[in-house]
Amino acid sequence: MSAFFFLFLAISFKSDSLTKVWPDTVVPLKGVPLLSSINAVKGKNRWEKLEVRRDTLYLKGLSPGDTLRVSYLYVPSPRSFTLFKPINEGAATSTYRFQSEGKKSGGLRLRGSKNLSLSLTEGSDVRFDQSTYIEVSGITPGGLSVRGVLQDRDIGQDPYFTKEVSQIDKTYLSAEKGGFKLRLGDTGYILGENYIKTKGISLGYKTDRYELRGVYGFEKGKFRSVTFAGETGKQGPYFLGESGIHIVPGSEKVYLNGVLLKRGREKDYYVDYETGSITFTPKRPISSRDRITVEFQYRGQLGRRYIRALEATYRMGLLRLFGRYSEAGDDRNYLKDYLSDEDLCILDSIGDTCSVIYVSGAQYVGQGEGDYVKEADHFQFVGQGNGDYRVRFTYFGPGEGNYTYDDDAGKYVYLGSGQGEYLPLVAIEVPGSKANYEMGLELQGNLFTSLLRLNLSEVDRNIFSSRDDDDNFGKSYDFKLEKKVQLGLGEMNLELEALYRDSTFSPPLVAPEPLFEKKWGVDFRDYTRFVEDRFSMSYRGNNGIRTSVSIGRLSLGISESRRGSFSLGWTLDRLSLSLGTELIRAKNPDRGLKRFSGTLAYRNILTPFFSFEIEKGNTSSLFFKGGFRSDLLLSPSVVGTYIDRDGEKTYQVTLALSESKPRGLSLESRMTLTRRSGDTLREFTFMSWNSLRYSSDEFHVDLTSTLSRTGRRRWVQKYLYVGPGRGNFSYDTTTSSFYENPQGDYVKTSIILDEVSPGYSSENSLFLEIDGGKAGNLSLDARLNFGFAELGQIDRTGKWSNPSYRLEVDWARWLGKGAGSGISGWTSRSVFGDDPQKLHSDEDNLTLWFSPSSRIRAGFRYSNSREMRGQKVYSLNSSRFVFLERSLTPLKNLRLKLGIEGGTREKQLPLPSQEEKTFKTTESSLYAETKINVKAFDIKTMGKVIYGFTREALPSTPLLYPLCEGLNAEGRISITRKMGKNSSLSLRSNFSTMPASPPGCASLSLNLLF
């Protein structure tokens, strides 16, 4: 049936192409398109800014005069659309509304599930769990547009505990009607250019004149902005804060030289959220000239942060009045549950004098709920679930603590005062809060546009202390005036901006623009006073000439900077030229900077370009970049870069190829070679990123490979005294420097500081999927990572380092009537050579099966995993089993499956005293599974009888593998009662007679589907 369906789709596809000129931004298509077939081209460039909803194409980002050519495959649809006249006819880009002439949309679609479970485990307390998944979307009969997802899991052990909406995971619910909009759960708030992720509730109302919005909830983390310079040849990791910082996933915005990057291993960068680090892909080679800014939210060490905000806007003709109140801070009541009375006294006494304190890491959790007990003045580990305290420790260094960590036992041991490295303390940031009050007006007229804004801030750096609160309030003024003048040959734009912030003012977010430090030649910090004045004038002529002039002054605490800039550009047909200069004078510290930049490009089949930037000052640098790009087949490009920064020279060459198709062969390749040299440094880095894809109806393959090679040598130069006339350098006491002299007293020598031998590292992956028809369906996923390091030239004497790979395969062939055969499994390896300090692992898993009919299945299962230190086995788990299964249907409402299996198991314990000693068993088992329907009950039982024989046991060591010589059994039974069409009540129980097995458990659960 499915084959006929796909055949019908294949012969139903039709093609069409059309040309659209701005302002047509909503395009009705002839039918439902095949998304991967849509191709929009502007000139010779592919246009990516589009969105498809059913049979309508939305174009974004077009400007007056833009023309797009769109081609696509589609399945014919009887629906048609009517375009209405645009909204905001004077805007640069018009937006169109549309409605269907066919069947009106409506109705609410709701689906999901609810599970309530009460379980009783042998030797343990009653446990209550529940999970919820609800998805709702559509339009109600009253015209309310609803969309949302509610997902809640694992509430906890207290059956009377109700989870707050703000704590539910991956949840949102939004409803809109008219100008009202409500969002509950995962929401957010925009402060300036930053989007703060929160969990809570937001409510908005919007008309032609009024706009109101309120937010209340809890932030997913604190906001931070980090700016740093790149290192030539280092793609990462770059750590964004202190050790242990946890970034809120998806909250980051990464700027490279002011350009916002895209996240992804196949795009620009990827983030390790647990370690708080960022690594750039080979698509973005990093050098010392690059300036990187990362804005993100991170989880604090303790507590949670609330946010509440309210903003209002009123429009009256050309005038817009606005106001906003926002407050964010640490939840005082929530923190009181974690801080002791002693901690609160410390916070009250320190006031605003510090930002971090150490509090007790011990928390009393009740008898039998902790791991430690308190004895006199210290804590003693008594085993998991045997104590009444949970204790967290912090490392302070040798001789600075009272405890040490026992690796073998996995516990902290008390040694005495000053005898250890750890203390039962935890560092937390001092809880604080910040409120901002903003009001202003904006006037948009034909003569000019102006903005006036007043902002007040109230900052409490310690919410548990009233000390030092006399400087909590601060103020800020912001004024902007813009004037556009139409001239006969073009348009002139004049802009004046003034900003003042006093010494106690704190903005909602301390996040400067990405190129703030480069623009003003100062280092950005939490400033004490901020004054900025700027005037700029720009002109864009009809003949392709454009120019701009800007002057400004910045006062940042005791630092001050003045800057002026001038740029001139000209575009004539395919040729474009731009030149610019910047002059910067900074004080405290005193420094002067002059920058000159320019770009020349000629657009044709091959588009050559050349750009440069010269910077002179305390830090002098030269930057040249040139090459060509092309829209020919594979879109080749070659880019060369030269950087000279204070005598340190960097040479970089990048070659790239790209060809992307929805079906057929696609290729993307990028290779970059970087060499860096200086008086005391030699370094080179080679990076290659390659992706090859091929897609068809029966075949799909995706091959990705990265290769890098790095080598470095650093040294320091020194002058050694060898005696009068025996050297070739002399020392000048006037200038305090050495100079060449054949009759000198000194000789010049070099001492190597460190050296990294040239070596390769590579990461490769292959994904293959084949629909072979009668030959079966095959999917293959292979990944290979390896390094190659050796001294001198690469040859057969080199040594592999850190190789690892994983290969996964799944093949099945069906012969009809349930008969078939297949193979599935994987193998993986990670090797660290013969180093006894490093642990490497192997893992294999294989299943071979054959079915002569739908009722009989036989096969072989093999699994093996081991860890090794050097050449010695550290731990081993291995099993080999053959199995035979038979399914029966003796009665209409009864299903029965019988199976037998037999094989061997091996286990080697990861204990140093028992290395190379294994625990082996031979097993045979009979298992059965029955499923019967009795009126409204479904009864399902699964049982297994196991006979095991111990061939070798570890002497004087408890048997960790849960099987001993003799007969054992395990089983499970479940009874399900259907309660209507979409609900059921289930009772489950399991048992086992095997030693050291998990305790028996019975559970009662209610499942609701809707």
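Biologist: What is the relative accessibility of Arg-284?

Modeller: This is a predicted model, in which local features need pLDDT of at least 70 and side-chain atom pairs count only at pLDDT 80 or more, while totals for chains, interfaces and linings use all residues. Residues are numbered from 1 along each chain as its sequence is written, and side-chain values use heavy atoms, with hydrogens and water left out. Buried means under 20% relative accessible area, exposed over 50%, and partly exposed in between (1.4 Å probe, protein chains only). Arg-284 counts as partly exposed because its relative accessibility is 29%.

Biologist: Which residue forms a salt bridge with Arg-284?

Modeller: A salt bridge is a side-chain nitrogen of Lys or Arg within 4 Å of a carboxyl oxygen of Asp or Glu. For Arg-284 the closest N and O atoms are 3.2 Å apart, and the partner is Asp-268.

Biologist: In the salt bridge of Glu-442 and Arg-320, how many residues apart are the two?

Modeller: The side chains of Glu-442 and Arg-320 meet at 2.7 Å, N to O. Glu-442 is in strand S38 and Arg-320 in strand S27, so this pair links distant parts of the chain. Counted in residues, the two are apart by 122.

Biologist: Which strand holds the partner of Arg-563?

Modeller: Arg-563 forms a salt bridge with Glu-582, with the closest N and O atoms 2.5 Å apart. Arg-563 lies in strand S44, whereas Glu-582 lies in strand S45.

Biologist: Which side chain of opposite charge is nearest to Asp-702?

Modeller: Lys and Arg count as positive and Asp and Glu as negative, with His and the chain ends not counted. Asp-702, in strand S53, is buried yet has no salt bridge. Contact means heavy atoms within 4.5 Å, and among the residues that Asp-702 touches are Ser-691 and Phe-767. At 5.0 Å, the nearest side chain of opposite charge is Arg-693.

Note on methods
Helix = DSSP H or I, 4+ residues; strand = E, 2+ residues; numbered from the N terminus. Lists of a residue's contacts leave out its neighbours within four places in sequence.
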